[in-house]
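Colleague: I have a model open and would like to go through how the inside is packed. Can you take me through it?

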Amino acid sequence: MKVLVIGGAGYIGSHVVKEMMKAGHQVTVFDNLSSGLRENIFPENEFIYGNILIPNDLDEAFARGFDGFVHLAAFKAVGESMEHPEKYSVNNITGTLNIMNAAVKHNCLRMIFSSSAAIFGMPAYLPIDEDHPKNPMNYYGFTKLEIEEFMEWYDRIKNMRFAALRYFNAAGYDPDGQIKGLERNPQNLLPRVMETAVGMRKQLCVFGTDYETRDGTCIRDYIHVTDLARAHVMALDYIAKNDVSVKLNLGTEKGTTVKELIEAARRITGKPIPAKDDARRAGDPASLYATSKKAKELLGWEPQFSDVDTLVSTTWNVYKGLDKS
Ligand code: WQD
């Protein structure tokens with residue numbers, strides 16, 4: 001299929017592009033390089049430098065004719081979304097509606113959307129399945145949930161079929177070592193662990209050590225970005241073959257604590273990675289992990305690279321070049 005990947009120069013986007021190409025799809029990347037990186041664009045891909053807030057950019061892109069598209073062009077900093085919701089309204093909501101309207105205009109009626117575990121809010125039970133109540137605790141999560149609803153309406157009215165893929169904690173890097181672009185100013189745990197390993201940070205702050213978990217630190221469901229990317233390819237095939245829309249949670253059902261991740265990183269990198277116990281971060285649930293039974297049943301998807309050692313070692317492969325010690 002001819003596939004447009006919007007946000008294809010980003011961290012997850014570049015991995016999606018790679019897996020799409022491996023599956024034989026012809027991929028065009030659309031990105032404004034605000035957080036995406038030129039070095040993440042493969043030479044074999046057509047690249048459109050465009051902005052989702054400029055409807056004409058999208059109109060011209062979709063006019064090239066695509067069988068489906070992947071939308072990953074969103075802001076994703078939870079804390080920032082609570083300080084500056086306007087940014088998230090404009091980029092995530094208005095930007096997505098611009099994309100969907102351009103797609104409909106040009107009859108591109110298959111949409112794969114990067115949704116998030118953030119739509120669920122505080123877990124009412126674990127593991128989180130697709131039917132779990134949706135009560136986002138931050139504005140970022142709210143934007144993702146709204147977009148899922150827009151897609152449902154466009155499905156009903158315009159026959160736009162979609163897959164909403166709710167990522168849990170995306171982590172890791174291309175196991176082949178081809179994708180190496182580092183996110184600027186990363187907020188997430190594993191990149192910060194790596195920044196500490198190479199000396200870019202003096203120490204890692206562990207946010208909360210008195211949770212009701214096996215070692216007192218939060219449990220999360222870390223899922224390898226290549227596993228996420230594979231799910232996009234499988235979801236596109238699935239909605240195309242079956243002419244249906246789906247909403248799927250993508251996780252491993254295996255939770256890892258903050259301390260376990262740090263320990264694995266110390267072992268794999270051989271670096272001391274100083275860490276200090278710090279206060280809880282507002283809004284962090286003690287444990288969060290998903291069941292991906294539905295993704296397995298419908299798509300035949302199972303994580304292949306999401307064990308802790310592969311998550312850490314593939315990330316270290318990218319960061320170790322920065323090591324000054
Ligand atoms: C993981 C754990 C922190 C940094 C976020 C979004 C979620 C989804 C994934 C996009 C937590 C702890 C972190 C640090 C720490 N995003 N931590 N020290 O918050 O689980 O999920 O990213 O859709 O919606 O909320 O991920 O990587 O920020 O944190 O101790 O310096 O690591 O408290 O327990 P989170 P994270």
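This is a predicted model: local features need pLDDT of at least 70, side-chain atom pairs count only at pLDDT 80 or more; totals for chains, interfaces and linings use all residues.

Colleague: Fine. How many residues are in the largest nonpolar core?

Modeller: The largest nonpolar core has 35 residues. Those with the most contacts inside it are I12, M20, V70, I112, L165 and L250.

Colleague: Which helices and strands supply at least two residues each?

Modeller: The strands are β1 (2–6), β2 (26–31), β6 (161–167) and β11 (246–250), and the helices are α1 (11–22), α7 (225–242) and α9 (293–299). Helix α7 gives the most to this core, with nine residues.

Colleague: And which domains does this core draw at least three residues from?

Modeller: Domain 1 (2–170 + 223–249) and domain 2 (189–220 + 253–316) each provide at least three.

Colleague: Back to I12. What is it in contact with, leaving aside neighbours within four places in sequence?

Modeller: I12 is in contact with L72, Y167, A170, V225 and L228. Apart from this core lies another, of 24 residues, and I48, L58, A61 and C108 are among them.

Colleague: Now K22. Where does it lie?

Modeller: K22 lies in helix α1. Its relative accessible area is 57%, over the 50% cut-off, so K22 counts as exposed. The C-alpha atoms of K22 and R230 are separated by 9.8 Å, although the two are 208 residues apart along the chain.

Colleague: Change of topic: how many aromatic pairs are there?

Modeller: The count comes to five. One of the pairs is F75 with Y88: the ring centres are 5.6 Å apart and the planes are at 65 degrees, so the pair is edge-to-face.

Colleague: Which parts does the F75 and Y88 pair tie together?

Modeller: F75 lies in the loop between β4 (68–71) and α3 (78–83), while Y88 is in helix α4 (residues 85–105), so the pair ties together parts that are 13 residues apart in sequence. F75 is partly exposed, at 27% relative accessible area, whereas Y88 is buried, at 0%.

Colleague: What about Y139 and F142, what kind of pair do they form?

Modeller: A tilted one, 5.3 Å centre to centre with 40 degrees between the planes. Y139 and F142 are separated by about one helical turn because they are three residues apart in helix α5 (residues 139–158).

Colleague: Last one. Which rings have the charged ends of K87 and R280 over them?

Modeller: The charged end of K87 sits over the ring of F75, 5.2 Å from its centre. The charged end of R280 sits over the ring of Y211, 4.0 Å from its centre.

How values were computed
Residues are numbered from 1 along each chain as its sequence is written. Side-chain values use heavy atoms; hydrogens and water are left out. A nonpolar core is a set of buried Ala, Val, Leu, Ile, Met, Phe, Trp, Tyr and Cys residues joined through side-chain atoms within 4.5 Å. Buried means under 20% relative accessible area, exposed over 50%, partly exposed in between (1.4 Å probe, protein chains only). Helices (H or I, at least four residues) and strands (E, at least two) are DSSP runs, numbered from the N terminus. Domain bounds come from an automatic or database domain assignment. Contact means heavy atoms within 4.5 Å. Rings of Phe, Tyr and Trp (its six-membered ring) pair if their centres lie within 6.5 Å; planes under 30 degrees apart count as stacked, over 60 as edge-to-face and the rest as tilted. A charge sits over a ring if NZ of Lys or CZ of Arg is within 6 Å of the ring centre and within 35 degrees of the ring normal.
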